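Me: Could you walk me through this one? I'll ask a few quick things as we go.

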Amino acid sequence: MRILVKDTVTRVGDKITVKGWVNSRRDHGGLIFIDLRDYTGLLQLVIAPEYSQSFKLAEQCRDEFAISVTGVIKNRDNNLVNKNIETGLIELAVEELEILNRSEPLPIAVGDSNQKSNEELRLKYRFLDLRRPKMNNMLRKRAEFYSKIRAFMEDRQFVEVATPILANSSPEGARDFLIPSRVHQGKFYALPQAPQQFKQLLMVGGVDKYYQIATCFRDEDPRADRLYGDFYQLDLERAFVENGEEIREEMEVLIKNLVQDFAGKTLQNENIPRIPYQVAMDKYGSDKPDLRFGMELVDLTSVFKDTDFAVFKKAESVKAIRVKNGTSLTRSQIDKFTDIAKNEGAGGLAYIFIENGEAKSPIAKFLSDKEISEMIETMQAENGDAIFFGADNKQLVNKVLGRLRNEFADFFQLKDNNKVALAWIIDFPFYEYDEKNKKVDFGHNPFSMPKGGVEALRNAKTDAEKLEIVADQYDMVMNGYEICSGAVRNHNPEVMYEVFNVLGYDNEYVENKFGAMLNAFKFGAPPHAGCAFGLDRIFMILMDEDNIREVVAFPKNGSGVDVMMSSPSFVEDDQLKELKIKTIEDEE
């Protein structure tokens, strides 16, 4: 019977069999030492010449050979104890050795968890990369993560229901992955961006509390905190809920448990704040603010309302952030932050240093003593602080200073990974202005309930009035990442029609797109609400990773390619012919 490495420490004197990979091999002439590795740890093997067959095989062993060994567990000599591993007090005196499979020379580092090859090579040989103790432990930790989530949901009487993968195309804010139908030629399925419509139909169907660890699909550009293609979310919904606070209060208990009991981290504050969207944008320059540090945006528009400084004078909004100990920044470092501001759309980056109670800056000469004094007082600035300004339209100022706030926090190491700061962002705009297409469009999705109901929709005649409509919608933010999005749902056909009518879509369009939901809502649909948590992203944060591909078994690379399986790939012409599909090459 196979014994795991971690269990050998209690088996001194026993004859046992252990199986695993050769982590390293050392030939000391009279003896051969092999460090055997399984998923539980390392065990030193000692092979003596007296066991000639085993000794000959040990001479052939190389890194990552899969082997099986049988022998007796013995205590190491005191001078040979290895305090760096759990089995450092013992070793296995090998009597029988079998090579289960040989390994070619390795293309990537595997045995040493502190060594990492470049990401592209690691993803190509992901089946080897997963042997690294860190990656192997990550998968086991993720399984524990899922287990705790399921236990929480089932303890609260949520019912797990699997919803279809082949679904219909739906406006969720990203591109769909389309699947051509062979049977119904010319028609397409879509992989679901979320189980949104199905879970709402479950509420109509009498499933009082639904949940699912759902696979979702979005054709979005990948980035460090977002996987390409498929991702996983805790999807949930509750019937007879008319207030988003009911969902928020119940589900924040789960997240607190995961932060404290699962990850062993400290909550920044036990009482999770509710922050309206516009307040978050004005105060932090982001709808996903990192609250582990301060550095809030301060409005100075009134301070400089009569200024002669042209940059501030012509600006709709003047705001600033105070960077403690910012006077330590060098000219070249400030230039780098200036480039960041310019990349966000700013014309430059004005700043003032506070030294010995005075303002030191290239722009100080353009400001009056009264303006400088009021600015220092409003910013609560102290000696050694630096004040960085944004001056333009309000939206751009918030965007630029929000980005700088985050960058300064990174530079001055203000983000404590042992702490988790949570917040609920509420009252999102129902509609937003699409700059690309120059029209008002949905802010998130059309299934949320607008505050004020159908009257609020019908009273909005101008674009400006439409943009003032607020959705009963909420996000949860964790350390500057959005980890959840949810809402009180629209369960009223009249409101559903009007939501689209506002944007110029007629009732026929709504019926063609959402006929199943509209039909269901006509038969006593209960008020309902829910949300979805991005599990990959939450797990990434809790595991102190800054690249989401490090917490998934088989991710695509940064270009959305599975370099291990060569996906996406071309398919045979016969397959395309059967689907009545023809590919068209781009014209140069």
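Me: How many helices and strands are there in the chain?
Reply: This is a predicted model, where local features need pLDDT of at least 70, side-chain atom pairs count only at pLDDT 80 or more, and totals for chains, interfaces and linings use all residues. Residues are numbered from 1 along each chain as its sequence is written, and side-chain values use heavy atoms, with hydrogens and water left out. Counting DSSP runs numbered from the N terminus (helices: H or I, at least four residues; strands: E, at least two), the chain has 17 helices and 24 strands.

Me: What share of the residues of the chain counts as buried?
Reply: Buried means under 20% relative accessible area, exposed over 50%, and partly exposed in between, with a 1.4 Å probe and protein chains only. The chain has 588 residues, and the buried share is 47%.

Me: At what angle do helix H9 and helix H11 pack?
Reply: H9 covers residues 331-343 and H11 residues 394-411, with their axes 9 Å apart. Axes are lines fitted to C-alpha atoms over the stretch in contact, and angles run from 0 to 180 degrees between N-to-C directions. The packing angle is about 145°.

Me: Which residues are in contact with Ile581, leaving aside its neighbours within four places in sequence?
Reply: Ile581 sits in the segment after helix H17 (573-578), and it's partly exposed at a relative accessible area of 30%. With contact meaning heavy atoms within 4.5 Å, the partners of Ile581 beyond those neighbours are Pro180 and Leu576.
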